Amino acid sequence: MRKIICTGFLALLLSVTTVLSVSAVIDNNTFLPLTADFGSEIKLKDYSLKIKLNKEKENKEAGEKFSIKAKTNYDGYEPTFYSTDKKVATVTKEGKVTCKNAGKTKIVAECNGIKSVCKVNVEPKFVGNSIADSKMSSIAGAIGWQTQHAYPQSTIMCSAYSFAYAYYQVTGTLRTPGSFWYGGGCNWNGGTYHRLGSSSAMLSKIKSELDQNRACVGLLSMRSSSTHYVTFYGYTGDGTSLSDFKILDPWDGTLRSGAEYGYSYSGYHVATVNV
């Protein structure tokens with residue numbers, strides 16, 4: 001038996017009459033045995049070092065924290081972490097990320113010159129009247145919306161979806177719309193349903209919740225005049241007009257302006273999440 005040391009991924013054409021024992025060098029110190037018959041071309045399997053992250057992108061607000069996990073395909077090779085912009089976010093050697101300021105950065109896991117990247121988008125910290133658009137879109141993506149028919153109970157309506165959105169944003173606990181649906185309606189479990197006397201009282205209640213960084217649900221009407229529950233998650237200006245408010249619509253999971261809606265003929269109703 002003869003031994004040949006192949007560095008890198010060079011393919012060797014053997015012209016000997018015996019079966020050769022071949023070792024391929026990877027990472028400067030790892031040898032992997034291969035064999036080849038007479039006249040065959042040795043095609044080395046890709047034994048290169050790889051790093052796998054548990055997430056490839058993350059949207060957060062300034063001040064929030066999260067963790068990244070990384071592993072390699074070889075024992076004993078542990079990646080190190082760093083941020084490409086420490087003003088936006090920092091990361092510890094354990095992969096714990098702290099979002100500092102609005103902007104974009106990359107959290108890089110590196111080992112032996114091999115890199116894997118998680119892209120991080122940091123939005124401005126909540127300032128009292130608006131929850132980040134990206135956060136609400138993420139909530140809708142996690143829960144789903146009516147036209148997806150993602151749940152067995154295809155009759156689950158806007159009230160349960162809207163409340164599931166608000167509940168997740170306020171408590172951090174994801175519950176399916178079905179968990180709020182009972183007997184053909186939303187049971188508002190974990191919340192309080194308010195029947196208010198005027199549009200101004202309704203907006204004032206919604207504004208009060210948003211000023212405490214809490215999304216809530218309101219009953220409105222659509223252009224077709226049908227009643228429709230939506231999730232309120234922000235406002236601009238002084239918040240005295242429906243058009244000032246930002247809405248997540250459970251029909252299709254889109255972010256909309258209150259200007260696209262009207263008040264419901266059924267009354268001025270708001271559902272809040274208990275804290």
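These are my notebook entries on a predicted model of one protein chain.

**Ground rules.** I number residues from 1 along each chain as its sequence is written, and my side-chain values use heavy atoms, with hydrogens and water left out.

**Overall.** I looked up the secondary structure and found three helices and 21 strands. Helices (H or I, at least four residues) and strands (E, at least two) are DSSP runs, numbered from the N terminus. Of the 275 residues, 43% are buried; I take buried as under 20% relative accessible area, exposed as over 50%, and partly exposed as in between, with a 1.4 Å probe and protein chains only. The chain exposes about 14600 Å², and carbon and sulfur atoms supply 50% of that area. Areas come from the Shrake-Rupley method with a 1.4 Å probe, and for residues only the protein chains shown count as cover. I then looked at contacts (heavy atoms within 4.5 Å). Among those between residues at least 6 apart in sequence, 53% join residues at least 24 apart.

**Strand β10.** I followed the side chains along residues 96–99. I checked the partners next; two strands pair if DSSP finds at least two bridges between them. β6 (residues 65–67) pairs with β10 in the antiparallel sense over three bridges, and F66 stands opposite V97. β9 (residues 89–91) also pairs with β10 in the antiparallel sense, over three bridges, with T90 opposite T98. The β9 and β10 hairpin has four residues between its strands, and G95 there takes a positive phi near 90 degrees.

**Helix α1.** In residues 133–143 I find S134, M136, I139, A140 and I143 buried. Their cover includes α2, β5 (57–61) and β12 (114–123), as well as β17 (227–235), β18 (245–249) and β19 (254–257). G144, just after the helix, has a positive phi of about 100 degrees.

**Helix α2.** This helix runs over residues 158–171 and reaches 20 Å from its first C-alpha to its last, close to the 20 Å expected. The expected span is 1.5 Å times one less than the number of residues. I count α2 as mostly covered, with 11 of its 14 residues buried; among them are Y161, F163, Y165, Y167 and Q169. G172 follows the helix with a positive phi, near 80 degrees.

**Cysteines.** I searched for disulfides (pairs of cysteine sulfur atoms within 2.5 Å) and the count came to zero. C158 is in no disulfide, its nearest cysteine sulfur being that of C186 at 9.4 Å. C158 is buried at 8% relative accessible area, and C186 is buried at 13%.

**S221.** This residue lies in strand β16 (residues 216–221) and counts as buried at 9% relative accessibility. Its side chain reaches the backbone oxygen of Y263 at 3.2 Å. Leaving out residues up to four places away in sequence, S221 touches S226, T227, Y261, G262, Y263 and S264.

Terms used:
Predicted model: local features only at pLDDT ≥ 70, side-chain atom pairs only at ≥ 80, totals over all residues. Polar contact = N/O pair within 3.5 Å; in protein donor to acceptor, adjacent residues only side chain to side chain.
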